[in-house]
Number of protein chains: 2
Amino acid sequence: MKNNIPYKIYLNENEIPTKWYNVRSDMKNKPAPLLNPATLEPMGFEDLRPVFCDDLVKQELDDTTPYFDIPDEILDFYKMYRPSPLIRAYFLEKALDTPAKIYYKFEGNNTSGSHKLNSAIAQAYYAKKQGLKGVTTETGAGQWGTALSMACSYFDLDCKVYMVKCSYEQKPFRREVMRTYGASVTPSPSDTTNVGKAMLEKFPDTTGSLGCAISEAVEVAVSTEGYRYVLGSVLSQVLLHQSVIGLESKTALDKYGEKPDIIIGCAGGGSNLGGLVAPFMGEKLRGEADYQIIAVEPASCPSLTRGKYAYDFCDTGMVCPLAKMYTLGSGFIPSANHAGGLRYHGMSSVLSQLYDDGLMEARSVEQTSVFEAAQKFARVEGILPAPESSHAIKVAIDEALKCKETGEEKTILFGLTGTGYFDMYAYQAYNDGTMSDYIPTDEDLQKGFDGLPKVDK
Amino acid sequence: MKNNIPYKIYLNENEIPTKWYNVRSDMKNKPAPLLNPATLEPMGFEDLRPVFCDDLVKQELDDTTPYFDIPDEILDFYKMYRPSPLIRAYFLEKALDTPAKIYYKFEGNNTSGSHKLNSAIAQAYYAKKQGLKGVTTETGAGQWGTALSMACSYFDLDCKVYMVKCSYEQKPFRREVMRTYGASVTPSPSDTTNVGKAMLEKFPDTTGSLGCAISEAVEVAVSTEGYRYVLGSVLSQVLLHQSVIGLESKTALDKYGEKPDIIIGCAGGGSNLGGLVAPFMGEKLRGEADYQIIAVEPASCPSLTRGKYAYDFCDTGMVCPLAKMYTLGSGFIPSANHAGGLRYHGMSSVLSQLYDDGLMEARSVEQTSVFEAAQKFARVEGILPAPESSHAIKVAIDEALKCKETGEEKTILFGLTGTGYFDMYAYQAYNDGTMSDYIPTDEDLQKGFDGLPKVDK
């Protein structure tokens, strides 16, 4: 402990937030509504409830209510793994020899290994409350599927996970965690859905895609009595649930009189970044404070830094609603990248609007430099970070080194979303020096943009 | 939080113990000394220092000093991952509907994934202090190797790990964590040592053994300028370092006026159990309090429950000192068991003596029942436990269910040594129903006993 600020700041359990903060309530320019892919009309409660739970649809559509009470059942579950620590990176500061003060909010200290559990438990709760039998979802790398399995196990809900076939076969460990929590895990495409059967007939040897897995999960949800579909990112309801990250961070910093100058988060669909920055962005929107907010994305999948702000499909199967967002086009296929959670073609509508309004910045970073930062961080801070989280580490280190040059004592806060225990093939590629850094050309991107739907809004 | 006892008790950083407790100082019957395998004479400082660091040899031989100051450099490193939480298992208590109060000390919240880091950092520190260039060790499942890699990285020491070849090939993930921390990991047997070369010549297709890996690591340590060998369990110095687990647990319980009736730990070589019970055993030895202390071991490797108390080799290669311990014989090969850390033929001399003196009990449990307990625990407490740790969970649940029958409100403390993220093949076997429960016959055991050295002490 130096200057009375401990290495790890743990709030007391009675300091866990009891309300989620809805950043949309303070936005002047609201995020654009979801559109029905058939009619191109904004979707309302009745349009969305066949797919999502009723309470979650209400949260999705509500852009004015500033706070939502967190139900007691969810607060109980939080005790299992929250409050999460806010860590002062003394070891990293020393290694960098920087005058900057670096803090990170660590969301990886739970068995799902990431922040995804914050929204999984909320979505499972509302499904249970509605009297449903179960939920369906898709998973790629498996963090979301694992989190949802844990949440469903807690509420005794059935959990059907469609896992992209190549991940199912090549990454059996997360699959087994999900099974240990009682989920049924089906490799996608499968013969349990029409979408899957058609895909298998057309491409018998396919190893699957996230787009197809989404379509299968949605098909099962809407065609099975007592089931709904749930999603781990992109949606505004998810950012609402994830605001617990930012609220806890702010409470912990306030306790020690600290105020961040820079807030940094990795961004795939936006669930982590949106949650981390929520209360700070609220202050910024209300003119009460200013913060430099930086979204970090992979150079191989640069939706904010090189994408277009337009209506697009949320899934590659084009069955889901259209969302207005920074996107590379639902047909864009990013090159192989080990940060599976950041390989999404679009970005949360909320964050897209905030970015478009100049309220936050974005940077893209190359994979090898991300793993260089990850290794450095692991060695000095003792936590092996997820590849996704390491994008934020990379930019936090960059900013701290700038402070070293200028002598500025800035306070940096970043989100450490999870651990990399299930990503060791990625670390192996880095250790072996076989990691690639392919960046899409303008031509690559144009192909994705060519597939954008024609929407005049 | 119920009755003002939170779910997770985190000590403040200034409450981390500053001294290790040496339980031998309070033992009337001291553990028997290590013997030179050639002369069968007790080994002294000069005998042991070619293999181990000087300060560690002193700790190994000292059975009278009650407390050792923890050096500042180690206390600094502790801030990375200590204090570890003492968790009140409210969720488990509710699921079992038991009047028992259950606590567990969770040592898995660090990247090495187990309590092994507590001794790794101490051993690395003394190696650095002595001006050594590096250390060598062996690893099977990889928890010790991972912990040592992290510790060596922190002190900028070279770390050479000999990893049993079949683990090296079949469990690449821990290998990559070690490499990420800068360790060199060599599959054993290798052509880098005489022992390894001889083994490869004799058995070109061997997949290796822990015994051979130990022999290689020792050979490199004693034949390379500036290197020493380090070991993660069994030795009395390791139990000394691990006393930090018990000391923190006791401080946390004392804070809330709680006193355990039963203390439970899994036991392989004894590092975790010896550390967890240390201060409680001290009170028991001094007649200040009484505790029921239970060591839990796999039925497939029952050194305490079915072994002999005799001098034996610590390694299967028979190059290390002889230790008096409960043992199945260094030639005993336990059946395939997923708790790699509990597959050791012997038991710490300290714990063996305490057990022989009736100061603690031992129970053996079958693998499938252990995973049943592990799965239950994972689902209600939200932590996926290591197979080793789950042995303690199994007996804690058994004891809590006994309380349910009798109505007794006993307080149970157990050690949750680590997480099972790198053990998913084991969980898969359980999920698939293909796990075996082979228990050695008396004939199997007799073969091990037949190989015990003839020592008249």
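Predicted model: local features only at pLDDT ≥ 70, side-chain atom pairs only at ≥ 80, totals over all residues.
Trainee: What makes A:R286 and A:D26 a salt bridge?

Mentor: Their side chains meet at 2.9 Å, N to O. The limit is 4 Å, so the pair qualifies. The partners lie 260 residues apart. A:R286 sits in the loop between helix 12 (271-285) and strand 11 (292-298) of chain A. A:D26 sits in the loop between strand 2 (19-21) and helix 1 (45-48) of chain A. Helices (H or I, at least four residues) and strands (E, at least two) are DSSP runs, numbered from the N terminus.

Trainee: How many salt bridges are counted between chain B and chain A?

Mentor: Two. A:D432 forms a salt bridge with B:R179, with the closest N and O atoms 2.8 Å apart. Helix 8 (172-180) and helix 17 (424-432) of chain B are among the helices that each supply at least two residues of the side touching chain A.

Trainee: How do you know which residues belong to the contact?

Mentor: Contact means heavy atoms within 4.5 Å. Chain B gives 44 residues and chain A gives 43.

Trainee: What is the area buried between chain B and chain A?

Mentor: About 4200 Å², with 56% from carbon and sulfur atoms. Buried area is the accessible area (1.4 Å probe) that two parts lose on being put together, summed over both. B:F173, B:T180 and B:Y421 supply 17% of what chain B buries against chain A, more than any other three residues.

Trainee: Why are the two copies said to be related as by a two-fold rotation axis?

Mentor: Chain B can be laid on chain A by a turn of 180° and a shift of 0.0 Å along the axis, with an RMSD of 0.0 Å. The copies are thus related as by a two-fold rotation axis. The same surface serves both: 98% of the contact residues of chain B recur in chain A. The superposition is by least squares on C-alpha atoms of residues with pLDDT of at least 70 in both.

Key:
Residues numbered from 1 in each chain as written. Chains lettered and ligands numbered in written order. Heavy atoms only, no water.
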